[in-house]
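This report goes through one structure step by step. Keep the sequence and the 3D view at hand while reading.

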Number of protein chains: 2
Amino acid sequence: MTTSTPAPHATTLDEVLAIIHGAGGPLAAAPVPLAQALGRVLREAVVAPEDQPPFARSGVDGFAVRVDDTATEFQIVDFLRAGDWRPRPLAPGEAVRIGTGAALPADGLQVVMIEDTAMDGERVRVLQRDTVRHVRERGEDARRGQPLLAAPCRLSAGALGLLASLGVVAPSVARLPRVVHVATGNEIVPPEQTPAHGQIRDSNSTLIRAFLAARGVPVAQHRAPEEFAAAAALLRDPAGGAPAADLLLLSGGASVGEHDFTRRLLADLGFEILVSKAASRPGKPLIVARRGAALAFGLPGNPLAHYVCLHLFVQAALDAFAGLPAKSPFHPGVLAAELDNEGAARETLWPAHAAATDGTVALEPLRWISSGDLSSLGRANALIRVPGGAGRLARGTTVPFVSTVPPA
Amino acid sequence: MTTSTPAPHATTLDEVLAIIHGAGGPLAAAPVPLAQALGRVLREAVVAPEDQPPFARSGVDGFAVRVDDTATEFQIVDFLRAGDWRPRPLAPGEAVRIGTGAALPADGLQVVMIEDTAMDGERVRVLQRDTVRHVRERGEDARRGQPLLAAPCRLSAGALGLLASLGVVAPSVARLPRVVHVATGNEIVPPEQTPAHGQIRDSNSTLIRAFLAARGVPVAQHRAPEEFAAAAALLRDPAGGAPAADLLLLSGGASVGEHDFTRRLLADLGFEILVSKAASRPGKPLIVARRGAALAFGLPGNPLAHYVCLHLFVQAALDAFAGLPAKSPFHPGVLAAELDNEGAARETLWPAHAAATDGTVALEPLRWISSGDLSSLGRANALIRVPGGAGRLARGTTVPFVSTVPPA
């Protein structure tokens, strides 16, 4: 006579995050060209290699004259456009026509805007003149050695523009993790195939590929029947060792024994099981495992559980690999409608649509029925963290949430 | 004797946005595979093509018995795993072992969780039984025909998972715009080159490529000297017409006459000038032009002006091409520190770092000196809209801002 095996210890959400950050070490950093650096995590702080701007230049189109020259008519002795560099001292009564961005030919000059002048051949008359010098001084934006980008930080388009302006054309960034994904489950068919009664389409492979692509991470994807040997063979490299991956994602099927199957498979590959079950829902049958510097996740096959585990736990692994510090992904928001979690004893991650509206982040809880229910995910961009036993939370309640928008 | 030409009419920020949305029509939609659909804008609403889930299935591992069968011991007559489909009526005293996700063999059944049973060979004893059926009913997530994704909407990873689950493997999305970018300006050198005195590195080409890449849009980039013929030649297709682009971006140099140069170039290419100058700063010398369904932007060469014009105006053009409705990109946030805009008569877009902190969006204004100053852009993820003549805005003031994070 057999009864069910005792349930493994359930690990709380915060514990799971801490375990992932403790186990997933930073991957090595290497220089990459700017064209490949978008969204990558900078690992060496960048300081200004020279004064910014590196030379005093004109802020306007106009005429450069000596600050101490009170004449109203000047002889035009040169015309400097942006990119030109022809230094010369100016004598009283001399002016240099100068374009925006052009290097000033000497110190102690002021630029009179062209709108305030009248030009006649080689002479110019100043119609009005104020005390503004219209000069962008050398180093006024940043001094040589001044920190301009802290590390670690994710490189945005603006940050890449800044790096280009500094001549930092190969910033040192965390290398991308090598990710292998295997979808198991005899009940799944490819999305382009019509499922027979009792079968469902594999949505998790699409979800995982897109989740990773949105974070700039490629993935090698496989589909394995649930037989142990077939799945294990897929994951072994030709030399017979464990997969040459930094991150191994196993999408569970829903079948009986699937959870034990994934645990055995990971143990067989030499992984140490760190988490066997999560205390939060959806996504309770989560497995987290480690082998050296590599991490593996056994992700519960149900699509919404996948969505939650990816955005909370796999995101934490990506952050750890990138060398980003462990910090809570949760921020407070305000419920835009009642959230009815009546009857849920466990902590719940609830799909929501977050919008910055009246100065607060308003969270609209989206309808979902079960962890197999994907219907809310068309609009979801956040997950609300609802404590176990919270019951109904009124509109206007402040609640923690995690954004599911790719970090930028 | 010549004076400066009269300044062209300055168009307000809201007017510029409205002009762009009025001129930039939606590009055609076409089906793309799910693997290419991330971040693309869906153009046809998606409804459930069948009930979701399409069949009643077990929510747990356990034993299916008749709801009206009050026996405590049952004969096990089958074992159904997820993916199986073997319909059969159950007689009183009969149970079917069933896995999570497996199709129920008949109507009127309840699943007793395996934890509440004791199995002995071909018989199973129910240790405790409650009224929960543990059945995911056909159609409980969504009924056939129920709208699941509205159009237009940008496709997230979650939305793609939903589409895969529905078998919508080639959603209809807006085609990507063809974008051509030409950087002009004799003063610029490539970022990998050491500039001579008076020269600066071209950061705008990197910024534009990354801005577009973050939005999934490729770009053909060229660098042209400021000579009219050279720039025009770059932009003409072999047949002598205007460029076969939906979006033409011209990064101005800072030189004298550059603005007129861009206007003449666009006019020569058959574009109608819609905007000659923006009333806001940085980015005043903005040009917006149209030729048929194509849009062109003359972007002021200063890097911060580029950043502002890209995230406000070119973003609006991308949204219009994608078929997204015109709406204000501004949301309210709260100043996390004083913003000193003393002396600025014109409306200002101020680089800031936005963070969701205590339930509100806190905006930290970043230091910048001039429109050539990129130093703030390492951390910027927002632009605060500061009215002209606002002076100092106190910490805690609610202000409108636009996010510069790529839309997701």
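## A covered helix

A residue counts as buried if 20 or more other C-beta atoms lie within 10 Å of its own. The model discussed here is predicted. By that cut-off, the buried residues of α3(B) are Asn204(B), Ser205(B), Thr206(B), Leu207(B), Ile208(B), Arg209(B), Ala210(B), Phe211(B) and Leu212(B). The helix α3(B) is thus mostly covered, since nine of its ten residues are buried.

What do the buried residues of α3(B) pack against? Within chain B, they pack against β15 (179-183), β18 (220-223), β19 (247-251) and α6. From chain A, α2 (157-166) joins this list.

## A helix with one buried face

Helix α5 of chain B covers residues 258-268. Its buried residues are Glu258(B), His259(B), Phe261(B), Thr262(B), Leu265(B) and Leu266(B). Viewed down the axis of α5(B), these buried residues fall within an arc of 160 degrees, so they line one face of the helix. The general rule is that an α-helix has 3.6 residues a turn, so residues three or four places apart point the same way.

After α5(B) comes Gly270(B), which has a positive phi, near 95 degrees.

## How the two chains are related

Chain B is superposed on chain A by a rotation of 180 degrees with 0.0 Å of shift along its axis, and the RMSD is 0.0 Å. The two copies are therefore related as by a two-fold rotation axis. In chain B, the C-alpha nearest this axis belongs to Thr360(B), at 2.0 Å from it.

## Where the chains meet

How many residues of chain B are in contact with chain A? There are 93, and they are in contact with 93 residues of chain A. On the side of chain B that touches chain A, the elements giving two or more residues are β9 (117-120), β12 (147-149), α2 (157-166), α3 (204-213), α6 (303-322) and β23 (330-335). The largest share, eight residues, comes from α2(B). Sorted by type, the residues on this side of chain B are 44 nonpolar, 34 polar and 15 charged.

Of the interface residues of chain B, 100% are also interface residues in chain A, so the copies meet through the same surface.

## Domains of chain A

Chain A is divided into domain 1 (13-27 + 176-322), domain 2 (31-51 + 141-174), domain 3 (57-136) and domain 4 (331-403). Taken over C-alpha atoms, the centres of domain 2 and domain 4 of chain A are separated by 37 Å.

How values were computed:
Residues are numbered from 1 along each chain as its sequence is written. Chains are lettered from A and ligands numbered from 1 in the order in which they are written. This is a predicted model: local features need pLDDT of at least 70, side-chain atom pairs count only at pLDDT 80 or more; totals for chains, interfaces and linings use all residues. A residue is buried if 20 or more other C-beta atoms lie within 10 Å of its own, exposed if 12 or fewer, and partly exposed in between; C-beta atoms are placed from the backbone. Helices (H or I, at least four residues) and strands (E, at least two) are DSSP runs, numbered from the N terminus. The arc is that of the directions from the helix axis to the C-beta atoms. Copies are superposed by least squares on the C-alpha atoms of residues with pLDDT of at least 70 in both. Two residues are in contact if their C-beta atoms, placed from the backbone, lie within 7 Å. Ala, Val, Leu, Ile, Met, Phe, Trp, Tyr, Cys and Pro count as nonpolar, Asp, Glu, Lys and Arg as charged, and the others, Gly among them, as polar. Domain bounds come from an automatic or database domain assignment.
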